[in-house]
Amino acid sequence: MTVPGTPKIPYGGDYNPEQWPEPVWDEDHRLFTRAGIDTLTVGVFSWSLTQPAEETYDFTILDRVLDRAAAEGRQVCLATGTAALPPWLAKKYPDVNRTDFEGRRHRYGQRHNFCPSSPAYRRLATQMAGRLAERYAQHPALLAWHINNEYGGTCYCDLCAEAFREWLRDKYATLDALNDAWCTTFWSHGYTAWEEIEPPNALTEHWRGPDHTAFQGTTLDYFRFTTDALLGCFLAEKEVIRAHDPDTPVTTNFMGMFRPLDYHRWAPHLDFASWDSYPPLDAPPTWPALAHDLMRGLKDGAPFWLMEQTPSTTACRDVNPLRRPGELRLATFQAIAHGADAALYFQMRASRGACEKYHGAVIGHAGRDDTRVFREVAELGRELELLGSSTLGARTPARTALVFDWDSWWALEISDGPSRLVKYQEVVHAYYRAAREAGADVDVIPQTADLTPYDVVLAPALHMIKGDLATRLEAVAARGGTVLTTFLSGRVDEHDRAFLTDVPGPLAPLMGVRVDEWDSRPPEFVQTVPELEAQARLVFEIVLPRGAEPVATYGTDFYAGTPAVTRNRYGDGEGWYVATALDQSGVDQVVRRVLARHDLIGPYTEHPGLETATRVTADGTRLLFLLNHAPEPARLTAHTTATDLLTGKRVEEGEPLTLDPLGTAILRLQ
Ligand code: GLA
Ligand code: ZN
């Protein structure tokens, strides 16, 4: 669903006026109007104000914040505020504090650190959500509910141990089934009573840290349990909100490619997806793009909200560079290009103290509106007003899909062997990047997604194969599509048990190969792949073609001349297997060959730094976003006749079309 009642892209962000005196609020709103700010996320950290003691609720300040927003014609995304505990609560009910991986029970401090199994937390958080819903369901400013904040983290307390055992009973029903799934005959672990099962941590199955476990099956189930335990907290709050407010959409802010939580398990329970984008330093533009597409994929391609981004700088990193002039605008249009229907900041005004006092804000400590950042925010506000509703609700008609799978991410990175250096996100990103830079729109989808809309399915590092996925991938190829997978795919079942067949397991018939053995080398070791003039690193699978033809081979070592990349005809289509971690240029060449087969290479691929993305509105209007990530102008030749929504200028097919450095055009195609 899209969020009703928004005639334009909601623009604004986290607003915590409880942190400063009320006269400043006048100034806040004056500046919001100047900057085209219409949406405020309120109450994210207000629990100690709204409930100063267990029996005392006090909504005076929140009332004023919401009433003021309504009076100013602004909408509110209202948080339940249950992510940061008030001190009295932790003191009175110490079991709300987490027990960490080392087994230490924490004491009061920080935020995002409640035990998901604590009955006191569950009771008090849901009571708070219920009170808020009762009070504000009919409030004229209410646009959406924002439950908690950035759920995450793991607890290993006794309550969680008990809840884990319950979760396992539900899943396996019998200890025989659990012992079988976890391969417990290995190292004499046969469980004879549920009480014998311990959460996997530094005191039990782990060594060297959270990714080094003796029993992958146990650790995987703890990741899944944690996902479900936090989801349980979300659902409990959502349920009480729904009891008072049947209509207003509910979300929680995700963190994109966040390893600890399998967001695909959460997705059905959100009314719309939203996320906070803080790309790592030096990340290429395809990194946040991948996260946007992953978030869009949560709700089957429906638009999402950009719930947070910094207008200028973060504070939590060792080094916190500024967003250069123009970078904020470009990042915002990039989010919209990938399906964002809201553009919100953390934060509207800087906090005076504590650890985020130097975090970027639309309004700084001095309260000025003549700063560069304020000017850029306000200018963007004007452009979003200009866009009006023209992008809202628009979908992405991708014909290329990339399978993203948390189970595979976890299984790959907690595996002993073949290489600790293979990072799931890096492999997935390399293939995503290749496809996007070739001009293809990409849907990032779960294993369970319907594959029928796609001509190309990229499934890099798909370590775990679940359900009937292999059959559905075969169906893609049988009807003429192309499926690509890579090294370390098709290795394990849903319990992390190796398939008792040749590698790549259930993918072998489609790929037409048998992986006979595999070599893993330190990062400085480079294997050449002469046909692609590319280099390969880390893992080298030795492939025996079983119907597939070699596309490229290894250049050295005892397996020189054997295939590094293969192509297999399957039905009317093809299965491609890449047996090693090719460098980006190698991945680009392979992916371009695959895309070319389906005529999916975009019209502007010769312009490095130029990103394209398409959205299609409900009435069928095609919007082509052109995003110039380069510091110099992009001089294009229009491939079709179109009107730029941002300038109103029309360009005819074949005419020159120039984008400024970091410039954006949103072309409405004729
Ligand atoms: C997260 C949180 C915010 C704030 C920002 C700072 O996204 O949700 O409360 O801490 O980070 O970057
Ligand atoms: Zn716990």
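Predicted model: local features only at pLDDT ≥ 70, side-chain atom pairs only at ≥ 80, totals over all residues.

Biologist: With the rings. How many aromatic pairs does the structure hold?

Modeller: It holds 38 aromatic pairs. Take Phe59 and Tyr136, whose ring centres are 6.4 Å apart with 85° between the planes.

Biologist: What makes Phe59 and Tyr136 an edge-to-face pair?

Modeller: Two values. Centres must lie within 6.5 Å, and planes over 60 degrees apart count as edge-to-face. Phe59 and Tyr136 come in at 6.4 Å and 85°, so the label holds.

Biologist: And where do those two sit in the chain?

Modeller: Phe59 is in the loop between helix H2 (47–50) and helix H3 (60–71), while Tyr136 belongs to helix H5 (residues 119–136). They are 77 residues apart, so this pair links distant parts of the chain. Both Phe59 and Tyr136 are buried.

Biologist: Next, Tyr151 and Phe234. Why is that pair called edge-to-face?

Modeller: The centres are 6.5 Å apart and the planes make 80°. With the limits at 6.5 Å for the centres and over 60 degrees for the planes, the pair counts as edge-to-face.

Biologist: Why would you say that it ties parts of the chain together?

Modeller: Because Tyr151 lies in the loop between strand E4 (142–146) and helix H6 (158–172), whereas Phe234 is in helix H8 (residues 216–244), parts that are 83 residues apart in sequence.

Biologist: Are Tyr151 and Phe234 buried or exposed?

Modeller: Buried means under 20% relative accessible area. Tyr151 has 3%, so it is buried, and Phe234, at 0%, is buried as well.

Biologist: How do you know that Arg349 lies over the face of Trp20?

Modeller: The distance limit is 6 Å from the ring centre. Arg349 is at 5.9 Å from the ring centre of Trp20, so it is within that limit. There is also Arg491, whose charged end sits over the ring of Trp518, 3.9 Å from its centre.

Biologist: On to the ligand. Which residues are around ligand 1?

Modeller: Among them are Phe45, Asn149, Asp276, Tyr278 and Glu356. The side chain of Arg111 has an N or O atom 2.8 Å from a ligand oxygen, Glu308 has one at 2.5 Å, and a polar side-chain atom of His359 lies 2.8 Å from an oxygen of ligand 1.

Biologist: What makes the Glu308 one a polar contact?

Modeller: The limit is an N or O pair within 3.5 Å, so 2.5 Å between the Glu308 atom and the ligand oxygen qualifies.

Biologist: What about Gln347: where is it found, and what does its side chain lie beside?

Modeller: Gln347 is in the loop between strand E9 (340–345) and helix H12 (372–387). A polar atom of its side chain lies 3.3 Å from the backbone oxygen of His359. Leaving aside neighbours within four places in sequence, the contacts of Gln347 include Asp14, Pro311, Glu356 and Gly360. With a relative accessible area of 2%, Gln347 falls under the 20% limit, so it is buried.

Biologist: Which kind of peptide bond leads from Phe346 to Gln347?

Modeller: A cis one, with omega near 20°. Another cis peptide bond joins Val503 and Pro504, where omega is about 5°. Pro504 lies in the loop between strand E13 (482–486) and helix H16 (508–511).

Technical notes: Residues numbered from 1 in each chain as written. Chains lettered and ligands numbered in written order. Heavy atoms only, no water. Phe/Tyr/Trp six-rings, centres within 6.5 Å; stacked < 30°, edge-to-face > 60°. Helix = DSSP H or I, 4+ residues; strand = E, 2+ residues; numbered from the N terminus. Buried < 20%, exposed > 50% of the residue type's maximum accessible area, 1.4 Å probe, protein only. Lys NZ or Arg CZ within 6 Å of the ring centre and 35° of its normal. Polar contact = N/O pair within 3.5 Å; in protein donor to acceptor, adjacent residues only side chain to side chain. Contact = heavy atoms within 4.5 Å. Near = heavy atom within 4 Å.
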